[in-house]
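User: I'd like to learn how to read a few features in a protein model. Could you walk me through them?

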Amino acid sequence: MTSEMITAAAAGAWRLGDLDVNRIGFGAMRLTGSGPFHQGTPRDRDRAIAVLRRAIELGVDHIDTAAFYFSSLRSANELINSALAPYADDLVIVTKVGPYRDYAGEWGTAARPDQLRSHVEENLRQLGRDHLDVVNLRRMGQDSIAEHFGALAELREAGLIRHLGVSDVEPRQLAEARAIAPVVCVQNRYGLGSTDPGTDELLRVCGDLGIAFVPFFAIAGKGGAKGPGGTDGSDGEVLAVARAHDATPAQIRLAWTLRQGPHVLAIPGTGNPGHLTENIAAGALRLTDDEVARLDAVHRPGD
């Protein structure tokens with residue numbers, strides 16, 4: 001089977017609350033330009049829309065976005081709306097709130113709890129929806145997220161939000177949120193280039209609780225948002241495993257990430273149709289136990 005024939009269903013599925021999604025989704029951040037946010041050059045609009053539509057054709061039913069994903073000419077939410085509305089019933093769109101960028105693209109002060117409603121309403125307006133499937137509260141360094149998460153819980157009760165998640169948290173903030181309202185997902189940085197033991201523990205906690213763990217920058221390597229996906233993986237083990245599967249290093253990084261547990265979802269993003277096909281095809285890769293152990297050693301050197 002060629003990569004062009006592999007769909008997102010090959011990675012298996014998970015349930016976000018009462019919403020079933022394939023474990024390979026799509027991250028919208030890189031739709032807007034060659035670099036994230038205001039960096040790089042804006043994407044060609046028609047090509048970005050074509051990538052979104054092709055993602056749906058390939059079985060993607062989980063798109064991650066945010067109102068602050070925009071460049072000088074492109075808004076991720078507007079592209080999603082233009083490409084995919086009216087939305088399919090099984091399409092789950094996940095947004096995040098907390099960070100703030102002004103119209104010039106500069107980062108401003110993160111939202112106070114009483115400002116989160118306006119963040120939610122802006123996502124609703126841009127996406128053309130009357131409710132948001134999942135909203136992640138992105139922690140902006142604060143020790144406690146109780147007030148912010150409580151404000152989102154009120155919007156959930158009001159019907160503007162269906163499910164809640166948290167992002168960039170530690171286990172104690174996850175526990176704090178769960179004491180207020182159900183949490184269906186946690187979105188933290190994680191991947192072969194990430195060596196934070198605390199995130200490994202959080203991944204395990206999410207598995208025990210049946211909460212989806214959704215890593216960002218899973219294939220971006222050490223460069224994070226600034227680097228193209230997977231190019232620092234010129235690590236010998238990653239390249240050796242890639243050669244064995246006739247795959248790219250980015251695909252191996254995705255396959256390893258998905259092997260961390262059935263509750264782990266992937267949201268690789270791209271504005272390139274070829275990379276989109278490769279990312280989705282990674283869900284069909286089946287690493288051997290020996291290969292996983294070799295990659296684990298890259299992730300946790302010295303264990």
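Analyst: Let's begin with burial: buried means under 20% relative accessible area, exposed over 50%, and partly exposed in between, using a 1.4 Å probe and protein chains only. Y190 is buried here, at a relative accessible area of 1%, and W256 is buried too, at 0%. A word on the source: this is a predicted model, where local features need pLDDT of at least 70, side-chain atom pairs count only at pLDDT 80 or more, and totals for chains, interfaces and linings use all residues. Residues are numbered from 1 along each chain as its sequence is written, and side-chain values use heavy atoms, leaving out hydrogens and water.

User: What kind of aromatic pair do Y190 and W256 form?

Analyst: Rings of Phe, Tyr and Trp (its six-membered ring) pair if their centres lie within 6.5 Å; planes under 30 degrees apart count as stacked, over 60 as edge-to-face and the rest as tilted. Y190 and W256 are stacked, 5.8 Å centre to centre with 15° between the planes. F37 and Y69 make a tilted pair, at 6.1 Å and 50°.

User: And how do I read the sheet?

Analyst: Strands of a sheet pair through backbone hydrogen bonds, either parallel or antiparallel. In DSSP terms, strands are E runs of at least two residues, helices are H or I runs of at least four, both numbered from the N terminus, and two strands pair if at least two bridges are found between them. This open sheet has 7 strands in the order β3-β4-β5-β6-β7-β8-β9, with parallel pairing. Its edge strands, β3 and β9, each pair on one side only.
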